[in-house]
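My entries follow in the order I made them.

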Amino acid sequence: MDKADPPPAGKSLSFGLERIGLLPLRFPVLTAVLLIALTLGAVIGMGRLSVDDSLSELFRADTPDFHEYETMAQRFPSSEFDVLIVVEGAMLLERKSLDQLREMVLELQFVPSMRGLVSLFSAREPAARGVIPPPLFPAELPEGDVFDRLVENVRANQIISGKLLSDDGQLALIVVALDRKVVSSTGLREAVGEIQNIAETMLKGTGLTVQLSGAPVMQLEIRNAVERDQLLYNALGFLLGAVIAIGFFRRVSLMVIAALPPIIGIVWSLGLFGFMGFKLNLFLNVMSPLIMVMGFSDTMQITYAIRDRLMQGDSRVEAIRWAILVVAPACVLTVATAAASFVTLLFSDSGLIRTFGLAGALSTLIAYIAVITLVPFLSLILLRNEAAFTDKLKARDAGVDMLKAFCGGVAEQVARRPAIFALGGLLAVVGLGAVHLSLEPRYRLADQVPDREQALEASDRLDAKLTGANPVHVMIDWPAGKSLYDEEVLNVITSVHDIVESQSGVGNVWSVETLRRWLWEAGDGSPETLKEYVEVLPKHLTQRFINFEANAAVVTGRIPDLDSAELRPVVERLDSLVQELRKTHPEFKIAVTGLAVVAARNSGSMIAQLNVGLTSEMIFVSAMVGLAFRSVLIGLVTILPNLFPVFAAGALLAISGEGLQFASIVALTIAFGLSLDATIHYLNRLRLETRPGEDPAIGVKRATVLVGPALMLTTLVLAFGLGITVFSDLPSLRLFGRLTAITLIAALIGDLLILPAAMLMARRLAARLRKRGNGGELPDER
């Protein structure tokens, strides 16, 4: 279009919503006041943000499984507040090492946040009726043969062996139960930090290594990673946007116009999250770069259009008005499609993913408002002396000219051989789709936890030496009127303990039955004797397995951190054996539960549900695009190039063996919505460049040359803006970033090669059908 060309008239893609961008031109002072007020209010809201480090939030749902897990965690909170201290070394059972280790255990007793502690020094000599037996380890460790016999007794002790001490005698587990109330007041960082400091100080120079694991340590590492990543993503996202903008536009003023609105969009969104009570977590943590790239892709398109019109001789106001009326309608549609991709997440069973979907949908709207108001406002303020401005731009336009030449070459090749590119795209979609459909759901707890910190490494050592660190529980509710010491209640607990202990892959089983067996070693495990010991044992120890107020007991085993597909058969087998007990004791309620159990049962179905949502999104969004362009043809043609990037990323997941994880399905869902940005801007330009009676290939070439450079640069911003999450310590976020970057780059390939070819073939076919009088009239793409 030349200078005389007015903004195209006709039906708007956005029902006139783009005209919001004209308000700053009419009311600049009022706009400035509102923008400042909103930003200051958002800063206040950001101060209310906190971090959600819960390991169970991903599976929070209104389901019996999760309700049972919550009940168990409330009745027996120890597993959620246990810090696992893993001490390892070849010299562990030497006298000097045991002395230092016991000194460390004694020092830990004085940690204010500690509620109780279990270690190999907690074990006692065999029980004697009516007398509390002495500790297994005497006050002064013996020497010589006497010490060797002590070590043999320790390794043979059923309370210790395989539970607190590995079979090879080189790894010891110390369990520190934190006091929930103290931790809530002093903070998790201080509590874990004090334990870490004592352990490292007391064992320094012994040749023993010490690492911390358990839910509190994992939560702290997640919190630290989220806070660190939030700062990193914001800084790198801004830097990336600024570098690309200044490199592309060659003017600081244009860089500010393109980069500042997304930053303000981040501030506004985070402020709203704070006022709404949202907490930053492993998914919401990616929202800052997501807002940055969503906003920046649109600011690039509008700013590029303003720049182009200035170079063609328009005045500042004319250029801004033209860009708003011509380019912004496509921005509205991209916002609608991106919001639709987030809305599909609202149907997930996971509360965490639903929150992410709501936050994402709100963020797309906020990003659009920031862009549509700030770009014209900043352009009005910063673009002065248009003649000198355009002269400088023309002298530094080599980069844009190079991109235009490249896009022109691509368009020429596509126009010459549209059938080859369209057929190639179809074959690629079919082939990649077949591989994509072979993906199986995958989930591991390790995917949520930083894998460059100590917690996972310590858990791996427990997996290798003590059957695992992840607890699996069987909660037993006995009927009212009975007590723990009734024979039937004890028999049920014993049966459950035997069942859990017999399961392959489950070890380190603890319950009331553990104490009872120890008593039977001395010849008397009767209910009366058991009651004596339960009453004199420390409450923090008995409350791990008994809740008298709730008439409940729990049997706890530990399992390795396996993929949910491997863990599910173990859980199902355990539940089927427990089912026999339920039949013979119908008045008892027996539930197999725990976070690992909830994950094994629900992760696969939840991921499959999200995958169905992605398929529904593809169909819905294609229909939305066709409706917006008032063309069934466009709606159908966009299916092929939009399937290509999703199937390409899915095929890569299948080939790499990573499977379909929560992070990957969310990444595919969001990347699909974002990849439509380029598709919609291309279709909008093609609509504007189509001339009645002209060869469709000419319009395709013009549209590709005019919009191609901006599409390439915005895709670069999108891919790298989300790709910076590969620097995260959280493996799920690294996968998210890598996958979205690949999807967006594949989407650009589809938009520059497959989409033009498919449109060209469809238009030529429709023209032939019209000519023969069989196909009806081709919808007017303008």
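Entry 1. I began with the contact of α10 with α13 in this predicted model. On the α10 side I listed Met 287, Leu 290, Ile 291, Met 294, Gly 295, Asp 298, Thr 299, Ile 302, Thr 303 and Ile 306. On the α13 side I found Phe 356, Ala 359, Gly 360, Ser 363, Thr 364, Ala 367, Val 371, Val 375 and Ser 379. I sorted the residues of this contact into 11 nonpolar, 7 polar and 1 charged.

Entry 2. I then looked up the geometry of this pair. Helix α10 covers residues 287–311 and helix α13 covers residues 351–382. Their axes come within 9 Å and cross at roughly 30°. Angles under 35 degrees count as roughly parallel, so I noted α10 as roughly parallel to α13. The crossing of α10 past α13 is right-handed.

Entry 3. I stayed with α13 and turned to its packing against helix α9, residues 252–276. The angle here is about 145°, and the axes are 8 Å apart. I recorded this crossing, too, as right-handed. The residues of the contact of α9 with α13 divide into 20 nonpolar and 5 polar, with no charged.

Entry 4. Next I took helix α22, residues 564–584, and helix α23, residues 595–628. Their axes lie 9 Å apart, at an angle of about 115°. That makes α22 roughly perpendicular to α23. I noted a left-handed crossing for α22 past α23.

Entry 5. Which residues of α22 meet α23? I found Ser 564, Leu 567, Arg 568, Val 571 and Asp 575 in α22. They meet Ala 596, Val 597, Ala 599, Ala 600, Arg 601, Ser 603 and Gly 604 in α23. By class, this contact has 6 nonpolar, 3 polar and 3 charged residues.

Entry 6. I followed α23 along its length. The helix bends by about 40° at Asn 602. Just after α23, I found Arg 630 with a positive phi of about 55°.

Entry 7. How many aromatic pairs does the structure hold? I noted 8. One of them is Tyr 485 with Phe 548, whose ring centres are 6.5 Å apart and whose planes are at 35°, so I wrote the pair down as tilted. This pair links distant parts of the chain, 63 residues apart. I placed Tyr 485 in the loop between β7 (470–477) and α18 (487–502). Phe 548 is in the loop between β9 (546–547) and β10 (552–559).

Terms used: Residues numbered from 1 in each chain as written. Predicted model: local features only at pLDDT ≥ 70, side-chain atom pairs only at ≥ 80, totals over all residues. Heavy atoms only, no water. Axes fitted to C-alpha atoms, helices over the stretch in contact; angles between N-to-C directions. Helix = DSSP H or I, 4+ residues; strand = E, 2+ residues; numbered from the N terminus. Parallel < 35°, antiparallel > 145°, perpendicular 65-115°, else oblique. Left-handed = near helix turned anticlockwise from the far one by under 90°. Contact = heavy atoms within 4.5 Å. Nonpolar A, V, L, I, M, F, W, Y, C, P; charged D, E, K, R; others polar. Bend = angle between axes of the 7 residues up to and from the residue. Phe/Tyr/Trp six-rings, centres within 6.5 Å; stacked < 30°, edge-to-face > 60°.
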